[in-house]
Amino acid sequence: MENRRVTMNNKTNLLELEEHMYPLVDVKTPNVFRNLFPYSEVPKIAFNDRVVPHHMPEEIWITDTTFRDGQQSRAPYSTEQIVTIFDYLHKLGGPKGKIRQSEFFLYSKKDRDAVIKCMERGYKFPEVTSWIRANKKDFELVKDIGMKETGILVSCSDYHIFYKMKMTRREAMEHYLGIIRDCLEIGVSPRCHLEDITRADIYGYVIPFCLELMRLMEFYQIPIKVRCCDTMGYGVNYPGAVIPRSVPGIIYGIMTHAGVPSELIEWHGHNDFYKAVTNSTTAWLYGASGVNCSLFGIGERTGNTPLEAMVFEYAQLRGTLDGMDTRIITELAEYYEKEIGYHVPPRTPFVGENFNVTRAGIHADGLLKNEEIYNIFDTDKFLNRPVLVAVSNTSGLAGIAHWINTYYHLPDEEKISKDTPLVKMVKEWVDREYESGRVTILTNQELVTVISDSCKKLNIPLPGRKGAPALKETVPDSEL
């Protein structure tokens, strides 16, 4: 007790007594937390009601892994595609650089060409960083390219240390620290990827290891980041849940007991149990400045934390977008669909074709009266995506007119009413579809096709094209 330090916590303005010392617990057999992870059963979420305080950092940000983890689950992007997406990320992050970094592989010439082209853009943000194999040759490659930082895999659960690496904890720690020293010796800042942290012995291995990292950082005077990788998506955000599944507990332990400052802590989540977004937000709330994401959640297995989701989480937590241009999210989705050939699932929040499309009749009625009733926010303002009411047998003339006006982004002076011949002709087609036995909602493409055909028959321009106001001219029903 007498050797424990007493220090002032500048956040709480209270003196704190250093609680414990955390030496490495070098076990002879792996601790795989079989009580929490019985492989033949569904994993268990246990509680001990030990609650840690919120510790939101003064500044929080997003980092991107679209070109690293995001590329591990799909066909590789071309160099041109990578540069284009990187440009979009720069615009999305805004002048304050809320998308702080983007990480790249360096394995192939194509990867390196993309890195060089992105660096030639000269953007301050996102900073180009890498993920490499842990060897001196790759470290030199990082330095030669001109990168200041690189990611290094330092798997931390006994599943990996004992079963994959065939080492003891002490052997693994010494191996990792040797690699990190090699990186520091050439002046490159290491970012340590604590793989499988939600199945690791937090106080028996992770915190002792992080303490050693902080000692190295003090000696070399080069920042060392810690990325908490929820590789299997086991993390939970529930107050009082036990570690290693507790996201608050992990962040609190690394920050408080290992002394890693918030700006050097990053969370990397996977979505195996549908918790990637909430766990990333929780990491922010409890002390991590960075959350690592991939566009549209594209990543291994169930994917990573969707980057676009954390943009809106940021805005909800901070009360401001801090200059992020969310309209770029829609442009990115369109680019992926049209240029890359990636189909965004239609119900994906913010980017899916149907994310703000209302189908239920009673909801559609409410939207036609006031879109705030059933729209999450002004999606036209923030995403260039006006709210849509899907057309069905219950839509009526007003519903069809609303669909045309919103789908084609018609300005007020060009909007058509339910009494126009085009709307009436489309309504007749819709009625025939359902009278013939159809029971499903009409798709956007079907409506676009029938509207195009109807315009040709009526000899009027397509909505939104030059001369579109002619759509407002009515003709007698007998002429339809």
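**Notes on the predicted model**

1. The largest nonpolar core has 101 residues, and those with the most contacts inside it are Ile85, Ile180, Tyr205, Val206, Phe209, Ile254 and Tyr336. Helix H6 gives the most to this core, with 12 residues. A nonpolar core here is a set of buried Ala, Val, Leu, Ile, Met, Phe, Trp, Tyr and Cys residues joined through side-chain atoms within 4.5 Å. Buried means under 20% relative accessible area, exposed means over 50%, and partly exposed is in between (1.4 Å probe, protein chains only).

2. A second, separate core of 22 residues includes Trp429, Val430, Leu442 and Cys455. Contact means heavy atoms within 4.5 Å.

3. On provenance: this is a predicted model, in which local features need pLDDT of at least 70 and side-chain atom pairs count only at pLDDT 80 or more, while totals for chains, interfaces and linings use all residues. Residues are numbered from 1 along each chain as its sequence is written, and side-chain values use heavy atoms, with hydrogens and water left out.

4. Overall figures for the protein chain are as follows. There are 15 helices and 12 strands; these are DSSP runs numbered from the N terminus (helices H or I, at least four residues; strands E, at least two). The C-alpha atoms fill a box of roughly 95 × 50 × 45 Å along the principal axes. Of the 480 residues, 53% count as buried. Among contacts between residues at least 6 apart in sequence, 72% join residues at least 24 apart. The chain exposes about 22800 Å², and carbon and sulfur atoms supply 51% of that area. Accessible areas come from the Shrake-Rupley method with a 1.4 Å probe, and for residues only the protein chains shown count as cover.

5. A search of the whole structure finds 24 salt bridges. The criterion is a side-chain nitrogen of Lys or Arg within 4 Å of a carboxyl oxygen of Asp or Glu. One of them joins the side chains of Arg191 and Glu149, at 2.6 Å from N to O. Arg191 lies in strand S7 and Glu149 in strand S6 (residues 149–153), so this pair ties together parts that are 42 residues apart in sequence. Both Arg191 and Glu149 are buried.

6. The side chains of Glu266 and Arg227 also meet in a salt bridge, at 2.7 Å from N to O. Glu266 is in strand S9 (residues 265–269) and Arg227 in strand S8 (residues 225–230), so the pair ties together parts 39 residues apart in sequence. Glu266 and Arg227 are both buried. Through salt bridges that share partners, Arg68, Glu103, Glu149, Arg191, Lys225, Arg227 and Glu266 are joined into one network.

7. Arg215 is partly exposed because its relative accessible area is 47%. Glu212, at 28% relative accessibility, also counts as partly exposed.

8. Is Arg199 buried or exposed? At 11% relative accessibility, Arg199 counts as buried. Arg199 lies in the loop between strand S7 (189–194) and helix H6 (202–220). A polar contact of 3.1 Å joins the side chains of Arg199 and Asp196. Such a contact is a pair of N or O atoms within 3.5 Å; within protein, one must be able to donate a hydrogen and the other to accept it, and residues adjacent in sequence count only if both atoms are side-chain atoms. Not counting residues up to four places away in sequence, Arg199 touches Phe33, Phe37, Ser157, Tyr159, Met232, Tyr234 and Pro244.

9. Lys28 is in the loop between strand S2 (14–17) and strand S3 (61–64). With 82% relative accessibility, Lys28 counts as exposed. Lys28 and Phe162 are 134 residues apart in sequence, and their C-alpha atoms are 9.7 Å apart in space.
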